[in-house]
Amino acid sequence: MSESTPSSPAASRCEYTWAFLILRLFLGLRTFFEGVEKFEKGGTYSFANYYENMGRMAQGITGASFLPLWATRNYAHSLGYILLVLGAALLLGVKTRATLILTGLLYVSLSFGLMAVQENEGVAWLGVYIGIIAGALVLVRHDRFALWRGRSD
Amino acid sequence: MPTPQIPGFTRRGFLATGAKLGAAFIAAPYLARAASLGKGADSLNVGLVGCGEEGRVLLSAALKIPNIRFRAVCDIWPYNRRYGERLLEKFGHDPKPFEDYREMLSATPDLDAVIVATPDFVHAEHTNAALKAGKHVYCEKLMSNTVEGARSMVRTARETGRLLQIGHQRRSNPRYIYARDRLVREARLLGRVTNAAAQWNRSVTEDLGFPAKQAIPEDVLQRYGYANMHEFRNWRWFKRYSGGVISDLGAHQIDVFNWMLGANPTSVLAGGGRDYYPNHEWYDNVFVIYEYPTPTGTVRASYQVLTTTSAGGGYYEYFMGDEGALKMSENPKYTKLYREARAPEWDPWVSKGLIARPGSGEGAPPPVKPWEKPRAHLPMMSKSDSVVDVRETAELSAWDIPVTLDKAIHQPHLENFFDAVRGKATLSCPGEVALATAATILRVNEAVAARKMLTYAPGDFTT
């Protein structure tokens, strides 16, 4: 009969720390590059491309849903910058708990837009990210290697 | 009290002017079309012999060509003749109707050209008569239902010095010309062409009928060589009038074999039969294998024509080489260019504008939704390095030909003919060339009947 050896509390904390760090880095990279690719068109990156891409996105969502153009345009024009800021904050570890909450809410808002145009595949993918963010929030108390920790982190 | 009147403006005058303006307004489209017919040096007087199915197709295409004036229409069936006459009148022409082509040729001596769209067995008779009357002739394919008939047409054209164009219209299609001249011959995108395959699969069609009141009297039909009204309407299926489906549908595509490969075949192996339509004479399905000698080696070409199913991808001509393949069809949706994985990259040809990446259909990126950003094409996304099972080769990549025909499919061929009559072009399909095609095709029926491979001698394709 084998005897199981319970891991020590310190080792357990180390595993949680690494698990959270991996999640944080993945979500940070994903969110940051999601913002970066909004500036790309035909292999080149520019602000002009950004506003063209976002304009297309706003027109497309409005054209296929009940959402008014003023709302989709304002949302789209700010989306890329918000993704960059949140992505960078996650990578660097800036106010991680608050950043995760904001990122999760952003992904929920994106899901809402895709639900409005009945883009079920996109909604499902965003659901996966939202699940990962929820998991990260459960583990956020194990946040280490952070540049600026919040009081509650 | 009398109504005060504006000097020179009476109620009668107002009504008369109004009526004239109204008539001018209604007639404006037709007047505009009539004006486009032209009367200048470039204007050609044309007669049409045969206002049936194919005649109507040619009329519709020719009506879009400026400076063509239809002066005569001829058909032994008044029903068809009236259709042609009315259509032409609608477009501002003033054609004289005739039942007999001989009468047409003698009564309208100012014709420059004649379009022959009658059944195959009278092509030689009608064409030779028109040529001898000094007219240039555009004759529908197949040139004749006999090789001897086709030879007589070439000889008459030579003797009279008139032009003879045969209606293998793919030879004037800019997409076909571009594919052969630029892609296959100049850029050699297919590498060495080793095989070809073509098909025309068409679903079951009912025999053509006719309104009982419009039937042509038996004696008139027999005078013009027809047994009865049913055979007159469905002549393509009967041996005395045509070469069957291989000459009806196969003629266009087998002609493209000869044209694309720049050769005539040395042998033909064929099988077929009348297996479905008991009231027809000709085969309703035919399978053919040709051997073509080309400067780069033998090309074996298969052809099938089926008249009981449209399954299997419609109609196309496929040319396969060791580096790529070209699938051509008059229907652009069946047209594609394929690159073998072992061939040099074709991206430089895209940069030069010679070929294009597919925008839609096979080989095209998945459609982008209105709110999505089009994805960038990255070299590492190419499928050329994909790993495949040892029993199969890597998937071919699909490419597009950046040339499309924006006209009716017969129009460029008719334009080429009329330009040649004006001395501004050379014929895309002169009689000599079409004779070789007719000989290539008509031997198929002999091979089916003989149930063995038949060979060709060089003299089979000439007069």
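Trainee: Why are H5(B) and H6(B) called roughly parallel to each other?

Mentor: The axes of helix H5 (residues 123–132) and helix H6 (residues 147–160) of chain B cross at roughly 5° and come within 9 Å. Angles under 35 degrees count as roughly parallel, over 145 as roughly antiparallel, 65 to 115 as roughly perpendicular and the rest as oblique; H5(B) and H6(B) are therefore roughly parallel. This is a predicted model, in which local features need pLDDT of at least 70, side-chain atom pairs count only at pLDDT 80 or more, and totals for chains, interfaces and linings use all residues. Residues are numbered from 1 along each chain as its sequence is written, and chains are lettered from A in the order in which they are written.

Trainee: Which residues of H5(B) meet H6(B)?

Mentor: B:His123, B:Ala124, B:Thr127, B:Asn128, B:Leu131 and B:Lys132 meet residues of H6(B), among them B:Gly149 and B:Met153. Contact requires C-beta atoms, placed from the backbone, within 7 Å.

Trainee: What makes up this contact of H5(B) with H6(B) by class?

Mentor: It has 4 nonpolar, 7 polar and 1 charged residues. Ala, Val, Leu, Ile, Met, Phe, Trp, Tyr, Cys and Pro count as nonpolar, Asp, Glu, Lys and Arg as charged, and the others, Gly among them, as polar.

Trainee: How many residues of domain 1 of chain B are in contact with domain 2 of chain B?

Mentor: 40 residues of domain 1 are in contact with 44 residues of domain 2 of chain B. On the side of domain 1 of chain B that touches domain 2 of chain B, H6(B) gives the most, with 6 residues.

How values were computed: Axes are lines fitted to C-alpha atoms, for helices over the stretch in contact, and angles run from 0 to 180 degrees between N-to-C directions. Helices (H or I, at least four residues) and strands (E, at least two) are DSSP runs, numbered from the N terminus. Two residues are in contact if their C-beta atoms, placed from the backbone, lie within 7 Å.
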